[in-house]
Amino acid sequence: MMLKIGITGGIGSGKTTVCKVFELLNVPVFYADDVAKSIMHTDQALKSGILDAFGANSYTSKGELNRTYISSIVFNDKLELEKLNALVHPAVFRAFDTWVSGHKNAPYVIKEAALLYESDAYKMCNQSILVISPIETRISRVKARDGISSEDIQLRMDRQFSDEQKMKYADHILNNDEKQLLIPQIIELHQQFLKIES
Ligand code: ATP
């Protein structure tokens with residue numbers, strides 16, 4: 001069986017940056033949040049599930065997801081959000097399985113997901129990595145990257161487990177505080193994973 005490593009971290013922690021380094025080491029990375037977005041347009045079973053659950057307004061006449069409409073339904077309603085997740089998560093898991101079988105020659109594979117622990121996606125991985133950075137650093141990074149307000153960043157943080165909660169699940173921690181060198185920490189983990197595989 002292919003070794004599967006999950007990577008997560010709060011908004012602005014640097015998980016995508018870490019994944020880019022793993023890609024440079026020739027490790028394939030599955031970006032679950034990007035895939036979740038794209039399969040809303042391409043996975044026919046998922047599309048009909050969404051149409052059944054949320055009605056004809058869920059898709060435009062061109063067959064594209066009506067994000068504004070769906071967001072307005074799920075944004076402040078936990079049950080509706082759970083309904084959507086119950087459709088999307090299994091579809092992402094299916095896409096991940098298909099993707100893994102296309103990377104049989106890789107030493108191991110990585111799945112990046114913002115809500116790895118919150119969504120139970122970590123259960124499909126053999127081990128997981130948590131990327132941590134101080135909250136102030138994360139806020140200033142996201143402000144610089146996306147130009148959004150501290151309040152909006154805080155709202156997103158409120159929807160994720162805290163680092164303390166996530167640490168209970170994590171097998172490995174990468175400290176991306178811009179004081180400790182990041183790349184040596186990544187290479188150390190890479191070597192550990194290669195050893196498990198061999
Ligand atoms: P999100 O959950 O919002 O997608 P993320 O955890 O994937 O965030 P990244 O996109 O990797 O985080 O990083 C956030 C921003 O911070 C990016 O613009 C990235 O270039 C920058 N950044 C990340 N790590 C470092 C670092 N060690 N030094 C300098 N800049 C960094």
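## Ser13 and the chain around it

Leaving aside neighbours within four places in sequence, Ser13 touches Val131, Ser133, Arg138, Arg141 and Asn176. The model is a predicted one. Ser13 sits in the loop that runs between β1 (4-9) and α1 (15-24). One of its contacts, Asn176, is 163 residues away in sequence, yet the two C-alpha atoms are 7.0 Å apart in space.

Is Ser13 buried or exposed? Ser13 has a relative accessible area of 1%. Buried means under 20%, so Ser13 is buried. Across the protein chain, buried residues make up 46% of the 198 residues.

The protein chain contains 9 helices and 5 strands. Their order along the sequence is β-α-β-α-α-α-α-β-β-α-α-α-β-α. Among contacts in the protein chain with a separation of 6 or more, 71% join residues 24 or more positions apart.

Some values for the whole protein chain are listed here.

| Property of the protein chain | Value |
|---|---|
| Radius of gyration | 18 Å |
| Span of the C-alpha trace along the principal axes | about 50 × 40 × 30 Å |
| Distance between the mean positions of positive and negative charges | 2 Å |

A compact globule of 198 residues would have a radius of gyration near 16 Å, so the 18 Å of the protein chain agrees with that. The charges consist of 23 positive and 25 negative ones.

Definitions and conventions. Residues are numbered from 1 along each chain as its sequence is written. This is a predicted model: local features need pLDDT of at least 70, side-chain atom pairs count only at pLDDT 80 or more; totals for chains, interfaces and linings use all residues. Side-chain values use heavy atoms; hydrogens and water are left out. Helices (H or I, at least four residues) and strands (E, at least two) are DSSP runs, numbered from the N terminus. The radius of gyration is taken over C-alpha atoms; the globule rule is 2.2 Å times the number of residues to the power 0.38. Buried means under 20% relative accessible area, exposed over 50%, partly exposed in between (1.4 Å probe, protein chains only). Contact means heavy atoms within 4.5 Å. Lys and Arg count as positive and Asp and Glu as negative; His and the chain ends are not counted. The place of a charge is taken as NZ of Lys, CZ of Arg, CG of Asp or CD of Glu.
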